[in-house]
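Hi,

Here is the structure I promised to pass on. Have a look, and my notes follow below.

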Amino acid sequence: MLTNKTHSLVRTAQLGELVILGRLECDALCKEKTLHRVLRNVNSQLLVVRPDLNMAAFEDVTDQEMKSGKGMHFNIHYYKTTTPSAGMPVAFSIQVEDKSYYMCCEKECGKMTVRFREGEVPKEIPGESNIIFFKKTFTSCSSRAFKFEYSLEQGMFLAFEKEGYLRKLILKKLSREDEVDETMKISF
């Protein structure tokens, strides 16, 4: 949608010139659509959020547990962007026992940690945000699997880490851009 300001720029541009138009008023991310999905890791385990334990982990889930859906059915909020090369900006939220939680990243003891905080995902995000991840295709030959890069720290991706019997959701740094790390592979 062209604003009056943008419209006048288009009218004054000479024919034959390449005109690149961005949003002139703000570079805010605006929510475009929301998908409802379960998230799976490379082992086909489902991501389950347990707000009472302040934790999310990939787990083997029975059909019965999946029907109850407690902490497993995510809302993936897609945002419009003026910089599509970074990947599709998304935010994650989930409903657990009549409360909404959103995924964010916070620094704790010098280390970035994935957390779920009570609240709603905003319709517009005016600038940088600790809830935005860039959705990217996992590999060129794997179009149904994705990796999610944390928007505030390039090279940091959602992944899982084995801790005892758990596969906890974490942020993990890629050592090289072309590295393929199966712990970062997420499908829905």
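Strand β1 (residues 29–37) pairs antiparallel with strand β8 (residues 124–125) over 2 bridges. Pairing here means that DSSP finds at least two bridges between the strands; strands are DSSP runs of E, at least two residues long, numbered from the N terminus. In that pairing, C30 sits opposite E124 in β8. β1 also runs antiparallel to strand β4 (residues 74–80), joined by 7 bridges, and there C30 faces K80 in β4.

Before going on, a word on the source: this is a predicted model, where local features need pLDDT of at least 70 and side-chain atom pairs count only at pLDDT 80 or more, while totals for chains, interfaces and linings use all residues. Residues are numbered from 1 along each chain as its sequence is written, and side-chain values use heavy atoms, with hydrogens and water left out.

Next, S93, which belongs to strand β5 (residues 88–96). S93 has a relative accessible area of 7%, so it is buried (under 20%; exposed is over 50%, partly exposed in between, with a 1.4 Å probe and protein chains only). Beyond neighbours within four places in sequence, its contacts (heavy atoms within 4.5 Å) are F74, N75, H77, Y101, Y102 and V121.

Most residues other than glycine have a negative phi. S44, in the loop between β1 and β2 (46–50), has a positive phi of about 65°. E97, in the loop between β5 and β6 (99–108), has a positive phi near 45°; E97 is exposed, at 64% relative accessibility.

Cheers

Conventions. Helices (H or I, at least four residues) and strands (E, at least two) are DSSP runs, numbered from the N terminus.
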